[in-house]
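Good morning, colleagues. Please look at the model on the screen while I describe its fold and its nonpolar cores.

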Amino acid sequence: MPAKTDNRTVSKSKTARAEPRSVSEVVDWLRERIRRGSFVPGQRLVEADIMREQPSATRTRVREALQRLSSEGLVTIEEFRGASVKRFTHDDLRQMYRARMALEGMAAADFAAADRPELKRKLQKIQAELNEIEDTIDHERFARLNDEWHQLIIEGSGNQFIRMFLERLRIPIYRLLITTFYSARRIDNANAGHRKITEAIVNGRVKDAERLMRDHIAEGLETLSAMDLDLE
């Protein structure tokens, strides 16, 4: 005798799959692809293409998501042309890094001053992993750990506004950061800065943590400025 099918379960399953994606989900999907370089500066973001890749996203929500990313400065919306990934100039890059110097410097200082032993141990663990792969050719893993290291310091600051502003600043430059880590010398210089900052934060040296982080971000800007960057 054939097994009975619970029509209510099937119907519920179909309903769950058909549930439209929220605007926030579409925003996160687009933002991550911009961050990773899947959508490059200047590339048009066609609503129909987005809906094809995200079948449960409605046109209304895709449009709202693009508007939200436009307000974040990641997308440009032009009359008659639609939306595209925003292009950034070399001067934009310099200004973003100067803002990062101030904000990440404050984050490092606040983390150093905070009584958050578990997060500080986690920072030491990430630093140990960075040290282990410093002399390898696994540049992409170094870039991922570098991102985790920075994100943890921002989390450790406990300041949600610093986190929010830095998230917007870091997304457009993530692709360029990965590019810089294909240089062994850049990895050496970056991780030397990491070690000093980690030590200052763990030992509660607030002023040193802020100064060293500002220097670290400035060194990253110097590296990018010396490169023949393709910002397109």
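Accessible areas here come from the Shrake-Rupley method with a 1.4 Å probe, and for residues only the protein chains shown count as cover. On that basis, the chain exposes about 13400 Å², with carbon and sulfur atoms supplying 48% of this area.

This is a predicted model, in which local features need pLDDT of at least 70, side-chain atom pairs count only at pLDDT 80 or more, and totals for chains, interfaces and linings use all residues. Residues are numbered from 1 along each chain as its sequence is written, and side-chain values use heavy atoms, leaving out hydrogens and water.

The chain has 10 helices and three strands, where helices (H or I, at least four residues) and strands (E, at least two) are DSSP runs numbered from the N terminus. Their order along the sequence is α-α-β-α-α-β-β-α-α-α-α-α-α.

Of the 232 residues, 41% are buried, that is, under 20% relative accessible area with a 1.4 Å probe, protein chains only.

I turn now to the cores. A nonpolar core is a set of buried Ala, Val, Leu, Ile, Met, Phe, Trp, Tyr and Cys residues joined through side-chain atoms within 4.5 Å. Which members of the largest core touch the most other members? Among its 36 residues, they are Trp149, Ile153 and Ile201. Helices H5 (90-113) through H10 (206-226) each supply at least two residues of this core, and H5 gives the largest share, nine residues.

A second, separate core of 19 residues includes Val26, Val27, Ala57 and Val75.

Notes: Buried < 20%, exposed > 50% of the residue type's maximum accessible area, 1.4 Å probe, protein only.
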